Amino acid sequence: MLSIEDVTVRRGNKEVVRSFSLQVNPGEVTALLGANGAGKSSLVLALAGRLPVSGGAVTLDGAKINGLRPNRVRRAGLAAVPEGHKVLGSMTVHDNILAAILETHRESAIVDEVFEVFPELAGLSEQQAGAISGGQQQMLAIAQALASDPKYLLIDELSLGLAPIIVARLAPVLAEIAKGGVGVLLIEQFATVALAISRRAAVMDRGELAWLGEAVELADNPEVLHGVYLGGSVA
Ligand SMILES: Nc1ncnc2c1ncn2[C@@H]1O[C@H](COP(=O)(O)OP(=O)(O)OP(=O)(O)O)[C@@H](O)[C@H]1O
Ligand SMILES: [Mg+2]
């Protein structure tokens, strides 16, 4: 499992993530919810090696990954689609996927696998990535993360800037990816979308873990969900 133990992340002189612990199990989606500014994206950046972890530890199937550079974290099996991630707009869809592949001897097999997950992208293979729709670009961003054959996949704001119909199309794909054995951590502003495909859920409030439990339990808990949108302490 991906184990986040007592993790603290600083930005400037502020602790934006404080003694945060959470486990992401393989084979299921874990939702991470929280109000604006709660620290969700900062946590993702820290897990991906893009921000330093100033306290605690992150282990991936038992191996410590905090302190590793982003490309080493990816090689260890963790891929992230950070908030507002942009694909390489002047390159083709196909080349965007190639650029994300680590095991170069398996290039064509991996491209085929990724196109199986997103058949829609296969038809756009030679298009410039900057010219496809926002929803297709989000698919491509997820496809790039998958191209490194991750054990754990972090998605920060699946629906950002996308129409609800696109999100409805993407969510089941994440559920399928998890079914295939990947541990998915999903940050999503539309709690119902995230909870519908998640087994477990965590709520972050001002850098700290405020609630942890089964997703169905949270979906049934209006008080805690209310806090997710408004900020402030929950439960
Ligand atoms: N580049 C930055 N430099 C310094 N502080 C930052 C930076 N980006 C964010 N912060 C601060 O870190 C804290 C956590 O922000 P973060 O973006 O991680 O929250 P979030 O939960 O992802 O919010 P949102 O739901 O709006 O995406 C906030 O207080 C924010 O102001
Ligand atoms: Mg964020």
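The following questions and answers go through a predicted model of a protein with one ligand site described.

Trainee: How many helices and strands does the secondary structure of the protein come to?
Mentor: The model is predicted, and local features need pLDDT of at least 70. The secondary structure comes to ten helices and ten strands.

Trainee: What radius of gyration does the protein have, and what would a compact globule have?
Mentor: The C-alpha atoms fill a box of roughly 50 × 35 × 30 Å along the principal axes. For 235 residues, a compact globule would have a radius of gyration near 18 Å. The protein agrees with this, at 17 Å.

Trainee: Among contacts between residues at least 6 apart in sequence, what percentage join residues at least 24 apart?
Mentor: Of the 235 residues, 44% count as buried. Among the contacts you describe, the share that joins residues at least 24 apart is 67%.

Trainee: Which element gives the largest share of the shell around ligand 1?
Mentor: Ligand 1 is surrounded by Arg11, Gly12, Val16, Gly34, Asn36, Gly37, Ala38, Gly39, Lys40, Ser41, Ser42 and Glu83. By class, this shell has two nonpolar, seven polar and three charged residues. The largest share, three residues, comes from helix H1 (residues 40-47).

Trainee: Which element gives the most to the side of domain 1 that touches domain 2?
Mentor: The centres of the two domains are separated by 23 Å, taken over C-alpha atoms. The contact takes ten residues from domain 1 and nine residues from domain 2. On the domain 1 side, the elements that give two or more residues are helix H2 (70-76), strand S7 (152-156) and helix H7 (164-179). With four residues, the one that gives the most is H7.

Trainee: What is the make-up of that side of domain 1 by class?
Mentor: By class, the side of domain 1 that touches domain 2 has seven nonpolar, one polar and two charged residues.

Trainee: Is Ile101 buried or exposed?
Mentor: Ile101 lies in the loop between helix H3 (93-100) and helix H4 (107-117). Leaving aside neighbours within four places in sequence, Ile101 is in contact with Glu107, Ile110, Ala147 and Ser148. A residue counts as buried if 20 or more other C-beta atoms lie within 10 Å of its own. Ile101 has 20 such atoms, so Ile101 is buried.

Trainee: What phi does Asp61 have, and where does Asp61 lie?
Mentor: With 14 C-beta neighbours inside 10 Å, Asp61 counts as partly exposed. Asp61 is not a glycine, yet its phi is positive, at about 45°. Its place is the loop between strand S4 (55-60) and strand S5 (63-64).

Key:
Residues numbered from 1 in each chain as written. Chains lettered and ligands numbered in written order. Predicted model: local features only at pLDDT ≥ 70, side-chain atom pairs only at ≥ 80, totals over all residues. Near = placed C-beta within 6 Å. Nonpolar A, V, L, I, M, F, W, Y, C, P; charged D, E, K, R; others polar. Rg over C-alpha atoms; globule rule 2.2 N^0.38 Å. Buried ≥ 20, exposed ≤ 12 C-beta atoms within 10 Å, placed from the backbone. Contact = placed C-beta atoms within 7 Å. Domains from an automatic or database assignment.
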